Amino acid sequence: MAYSEKVIDHYENPRNVGKLDADSDNVGTGMVGAPACGDVMRLQIQVNDEGVIEDAKFKTYGCGSAIASSSLLTEWVKGKKLDEAAAIKNTEIAQELALPPVKIHCSVLAEDAIKAAVKNFREKRGE
Amino acid sequence: MGKAEVLNVPVYLDYLSTTPVDPRVAEAMIQCLSMDGVFGNPASRSHQYGWKAEEATENARGQVAELLNADPREIVWTSGATESDNLAIKGVAHFYQRKGKHIITSKIEHKAVLDTCRQLEREGYEVTYLEPNSDGLTTPEMISDAIREDTTLVSVMHANNEIGVVNDIAGIGEVCRARGVIYHVDAAQSTGKLPLDMDAMKVDLLSISAHKMYGPKGIGALYVRRKPRVRLEAQMHGGGHERGMRSGTLATHQIVGLGEAARIANEEMQVEGERLKALRQHFWSSINDIPEVHINGSRDHRLPGALNVSFAFVEGESLLMSLKDLAISSGSACTSASLEPSYVLRALGLNDEMAHSSLRFSFGRFTTQDDVDQAAKSVRHAVEKLRELSPLWDMYQDGIDLDTIEWSAH
């Protein structure tokens with residue numbers, strides 16, 4: 001599989017790997033995918049009182065594009081408002097990383113992950 | 001320092017995929033190409049160029065026959081194991097179709113066997129695909145239970161190409177002979193690595209490939225038993241070469257290459273087998289303290305130099321990306337176009353996750369202890385790195401049973 005330099009860079013130097021306190025009130029967690037399908041992403045966002053994402057962490061089980069897609073996503077969502085973050089499209093991720101067609105589903109998973117994290121956060125807040 | 005390290009190329013640990021041509025084989029082949037060499041058509045009867053070429057191909061036939069302890073007249077040249085499998089299975093199925101149209105094989109055969117069987121199904125044959133046991137083995141008992149009145153052919157491989165496990169082909173042969181069923185063996189992965197004795201084993205047809213045993217690509221052979229005689233319907237028609245079983249001008253240089261490869265294998269098999277087995281055991285003992293590492297397939301019945309390992313909680317393709325210094329292959333879906341994990345590992349009863357996280361290491365004639373040490377070191381590093389990134393590893397360490405979670409399959 002010939003990957004773009006951007007994928008390889010994110011794979012070799014993944015940004016924002018880690019874990020936030022899932023029980024905290026200002027943290028939203030999205031876990032998407034399934035081990036059987038070969039990829040699971042866990043994306044967590046920490047949101048301040050202005051509704052701005054001030055930190056994001058991820059861990060991903062999956063191929064190189066799945067890891068790169070989630071790493072890139074954490075960079076993109078930081079500093080964004082919840083609505084802006086939830087509006088990120090998989091096509092933007094796929095384009096930025098120049099994912100081959102067979103790997104598009106990795107970017108779809110990343111889009112699902114941020115939507116799930118935002119939803120989780122809003123549910124916690126009773127929104 | 002290993003040779004690969006000096007040359008700055010990945011260490012080649014994919015000998016089940018293909019092997020480099022042994023320099024002795026290359027030398028023998030070069031002698032059969034140009035004007036001052038043995039370039040003639042072995043079928044030319046009217047001049048010495050033809051006679052010399054025929055002598056060369058017949059000498060090679062003898063070398064292959066010796067490796068198999070067979071009669072040279074039982075060796076039919078083909079383009080490789082895929083063609084041998086096609087010729088054996090279609091050839092027997094068609095020739096004996098009045099006797100019956102039922103074939104038995106296993107679910108983890110090479111695609112050259114499985115796809116040939118699928119084609120016969122389209123032609124109206126019935127095929128039983130046996131599920132191997134959890135060790136990846138197909139046993140004589142399974143065959144015995146599956147044979148019916150109308151069964152004409154059993155095709156069960158010797159050594160599996162993905163997991164390296166070795167079936168009891170002598171035992172299966174006994175069952176087949178007792179029940180009057182023809183037995184074909186795909187021995188592409190075992191020829192030259194494990195002893196094969198056609199005189200002692202009740203195998204009727206056996207496919208071999210040169211490029212898996214340090215010979216060239218594009219040449220193979222099919223062993224076709226003479227006593228009791230096995231009949232085949234030819235699949236390639238033409239000048240009636242190979243006693244009508246496979247027409248086409250003999251590729252002298254390729255055949256000589258296979259012959260020389262067989263000669264070397266015959267001579268060195270035992271010592272080399274012990275060396276490879278020791279390397280394999282050394283490799284396993286250097287990685288088996290990594291938590292949650294599993295060997296796929298039988299530990300005891302396997303090729304000396306082959307090991308298939310699953311590393312739980314990491315995914316095979318990303319593992320390969322971290323192992324750029326190694327040339328190996330993965331059972332992960334993500335390395336294929338299909339997105340389906342290995343059908344072989346699935347048939348062993350592995351869950352998809354473990355199938356996704358498998359790597360196949362195969363050592364061979366030019367593998368050194370340094371190569372194996374480097375592989376073990378790189379694998380350990382890569383697995384640790386990816387587990388740091390893996391949410392599944394987190395959950396496992398927190399004591400969460402992954403099977404209790406409702407995943408959103410996609």
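My entries below go through the interface, then some strands and residues.

**Ground rules.** I am working from a predicted model, where local features need pLDDT of at least 70 and side-chain atom pairs count only at pLDDT 80 or more, while totals for chains, interfaces and linings use all residues. Residues are numbered from 1 along each chain as its sequence is written, chains are lettered from A and ligands numbered from 1 in the order in which they are written, and side-chain values use heavy atoms, with hydrogens and water left out.

**Entry 1, the interface.** I looked up who touches whom: 29 residues of chain B are in contact with 31 residues of chain A (contact means heavy atoms within 4.5 Å). Interface size is often quoted as the accessible area lost when the parts come together. Here I get about 2,500 Å² buried between chain B and chain A, with carbon and sulfur atoms giving 63%; that is the accessible area (1.4 Å probe) lost on putting the two parts together, summed over both.

Next I checked charges and found five salt bridges between chain B and chain A, a salt bridge being a side-chain nitrogen of Lys or Arg within 4 Å of a carboxyl oxygen of Asp or Glu. I noted the one between Asp394(B) and Arg42(A), where the closest N and O atoms are 2.8 Å apart. Polar contacts link 16 residue pairs between chain B and chain A, both at pLDDT 80 or more. For that term I need a pair of N or O atoms within 3.5 Å; within protein, one must be able to donate a hydrogen and the other to accept it, and residues adjacent in sequence count only if both atoms are side-chain atoms.

Which elements of chain B give two or more residues to the side that touches chain A? I wrote down helices H9 (316-322), H11 (352-356), H12 (369-389) and H13 (391-397). Helices (H or I, at least four residues) and strands (E, at least two) are DSSP runs, numbered from the N terminus. H9(B) gives the largest share, five residues.

**Entry 2, Arg42(A) again.** In E3(A), Arg42(A) has Lys59(A) as its bridge partner. E2(A) and strand E3 (residues 53-61) of chain A pair antiparallel over eight bridges; pairing takes at least two DSSP bridges between two strands. Strand E2 (residues 39-47) of chain A is mostly covered, with eight of its nine residues buried (buried is under 20% relative accessible area, exposed over 50%, partly exposed in between; 1.4 Å probe, protein chains only). In the hairpin of E2(A) and E3(A), which has five residues between the strands, Gly51(A) takes a positive phi near 75°.

Strand E7 (residues 205-209) of chain B has five of its five residues buried. Side chains alternate between the two faces of the sheet in a regular strand. I see Leu205(B), Ser207(B) and Ser209(B) pointing one way from E7(B), and Leu206(B) and Ile208(B) the other. Strand E6 (residues 182-186) of chain B runs parallel to E7(B), joined by three bridges, and strand E8 (residues 220-224) of chain B runs antiparallel to E7(B), with five.

Is Leu153(B) buried or exposed? Leu153(B) is buried, at a relative accessible area of 0%. Gln374(B) sits in helix H12 of chain B, and its side chain makes a polar contact with the side chain of Asp325(B) (3.0 Å).
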